[in-house]
Structure formats: C-alpha cells, structure tokens
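Please keep the sequence and the structure in view while reading.

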Amino acid sequence: MSWIEEEPDPKPLGTFDWARAVARGVIWGLVLLTGLVALLVLRLIERPIHGLARPWTPWITQMVCRMSLPILGMGYRVSGRPMNKIGAVVANHGSWLDIFALNACQRVYFVSKAEVARWPFVGWLARATGTVFIKRDPREAKAQQTLFEERIRAGHHLLFFPEGTSTDARRVLPFKPTLFQAFYSHGLDKVMQIQPVTVVYRLPEGEDPRFYGWWGDMEFGPHLLKVLAQRRQGSVEIVFHTPLSVADYPSRKDLAWAAEAAVRAGLPYEIARSR
C-alpha cells in the first residue's frame, strides 16, 4: 500500500533493558497462561449450559487484559461508555496492543483474519476468547455472513477493524464498506447499532512517533521485545463515540463513511493532519 513507510530503526538494548523485558515478559506470560487455563476450564462448564452464549468467560478475558497494561507499564484511560444494545463495534487498528486495550474496558469478540488462528499462543488465545476468523475468499462469504448473524443475535458484540490492516497508529485508513454488509441482512439493520471507537496512543517521551505502531511486514517478536524493554512507557486511551443506528444509513457505504469519520475525529494526529 502506498502509505506504508520504512520501519523505525531498532534501538540497541542494554543490560537493564533486557532485564526489564525478561521480568515483564515472565510475569505477563504467567498471567496470560493462568487466564487461558481458567477460561478453558470454565468454558467446559459454560458451553453445555449456555451454548453459543458466553455469560461467564468474557469476564476472565477482561480481567487479564486489565492486568496486562500495568504489567507493561502503560497508562490507560477510557472516555465515553460502551453501548449495551445489540450491535457491533468498529475501531482503528494500529498495534497488537489494541487487543488488550479494547478488551480491558468492554466484553467484545474480535473478528480476525484466518491466519491468526495458526499463530503460536496468540492463536490459542484468540480461539479461546471467541474470536471470529474470516477468510478473504468470496466462496466463504455466505457462510461467514451466517456466522456473523448467529453471533450478533446471540448478543455478542463483534469488533471489526474496517481498515483491513494495521497502521503506524497515527492515521486512519479508509474503512472497507464490504465489512458492513453483514449488518444489512435479515432485518438486522432494523435493530442494530454500530459503535465507533478510537484507539489513541500517547508516546513515551523522546521516542519515534510510530513507537507503538505495528504494520506492514513488521515481525511480532522484535516489536514485543521493544515494548517490554521500554523503561518509561506512554499510554493508550479508548474513546467511545455515540453509537450509529444502522437503519439511519441507506447503504453500507454511507454507514462505513459515518463510522470512519467518527473514529478519525477522535485521533489527534488525524485532526492535525486535516487542518
């Protein structure tokens, strides 16, 4: 894509940086593993009783994500409130950290590309927490549409990243209208709301403006190590915008544009860019 720029040059890590990264990594890994085991055990009880519904296990996901950000040393703030009506959530996507920040303040189920299911450990976490995996294959469109409807009617708030990729965390790419088609079928548009959410990263002092961004062909391991090793972290803010009623928008393109405009308005860098 034309907007993609070169990755920032990695900084060499000193002895204390490595020690910090290892300490944080071990603590965080234990929290994630403990949460995963607890979730899987509880799901064995929850699934036969409630089926597709998940009234218990999302609380574990939310608790683990709330613990993760302080372990990393990151500040965290939430503006606005998540909706409680039937619907879905759309957000900008700048980093793998989005998953933890967005899960920490609401109970949602992410929609992700199918490749993520095969990633070591991350894929296990995603499957255990109810992530919906989609294939970019037109032949799968009808089956995926049915799956979306089932999850939405079960009361799940699915979270989409309509940009279709992650960015440098300082911009919002155009939202893909095709991802909004699921909201215009079998009467869902009469009852659904879409809540735009902006993820805003504030940088550690003196660091590259793209410090938390994870995009293009960047490898996960080096980026994770950089974040774990950072002595003074920045922060992340989740901004909940007013939900949009699907029925108010005649087409998926109109809805996509309105959601994109709301998300873009919450990102200070985009506001500055547009002036």
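Among contacts in the protein chain between residues at least 6 apart in sequence, 75% join residues at least 24 apart, where contact means heavy atoms within 4.5 Å. The model is predicted: local features need pLDDT of at least 70 and side-chain atom pairs count only at pLDDT 80 or more, while totals for chains, interfaces and linings use all residues. Residues are numbered from 1 along each chain as its sequence is written, and side-chain values use heavy atoms, with hydrogens and water left out.

The protein chain contains nine helices and eight strands; these are DSSP runs numbered from the N terminus, helices being H or I with at least four residues and strands E with at least two. Its C-alpha trace spans about 60 × 55 × 35 Å along the principal axes. The radius of gyration is 19 Å, which agrees with the value near 19 Å that a compact globule of 275 residues would have. This radius is taken over C-alpha atoms, and the globule rule is 2.2 Å times the number of residues to the power 0.38.

Of the 275 residues, 51% are buried. Buried means under 20% relative accessible area, exposed means over 50%, and partly exposed lies in between (1.4 Å probe, protein chains only). The accessible surface of the protein chain comes to about 14,200 Å², and carbon and sulfur atoms account for 59% of this area; the areas come from the Shrake-Rupley method with a 1.4 Å probe, and for residues only the protein chains shown count as cover.

The interior comes next. In soluble globular proteins, nonpolar side chains tend to be buried together. A nonpolar core is here a set of buried Ala, Val, Leu, Ile, Met, Phe, Trp, Tyr and Cys residues joined through side-chain atoms within 4.5 Å. The largest such core has 44 residues, and those touching the most other members are Trp28, Met74, Trp96, Leu102, Leu159, Tyr201 and Ile238. Elements that each supply at least two residues of this core include helix 1 (15–50), helix 2 (57–72), strand 6 (193–202) and strand 7 (235–240). A second, separate core of 30 residues includes Phe160, Val172, Ile194 and Ala256. Which residues does Leu159 touch, not counting residues up to four places away in sequence? They are Val89, Ala91, Leu102, Gln106, Val108, Tyr109, Phe110 and Val111.

Thr61 lies in helix 2 and is buried, because its relative accessible area is 13%. Leaving aside neighbours within four places in sequence, Thr61 is in contact with Leu39, Asn103 and Thr129. From Thr61 to Gly75 the separation is 14 residues in sequence and 19 Å in space, C-alpha to C-alpha. Val26, in helix 1, has a relative accessible area of 49% and is therefore partly exposed. Val26 and Leu173 are 147 residues apart in sequence and 35 Å apart in space, C-alpha to C-alpha.

Two backbone angles remain to be considered. Most residues other than glycine have a negative phi. Ala169, however, has a positive phi near 70°, and His186 has a positive phi of about 50°. Ala169 is placed in the loop between strand 5 (158–160) and helix 6 (188–191), and His186 is also found in the loop between strand 5 and helix 6. Is each of these residues buried or exposed? Ala169 counts as buried because its relative accessibility is 7%, whereas His186, at 65%, counts as exposed.
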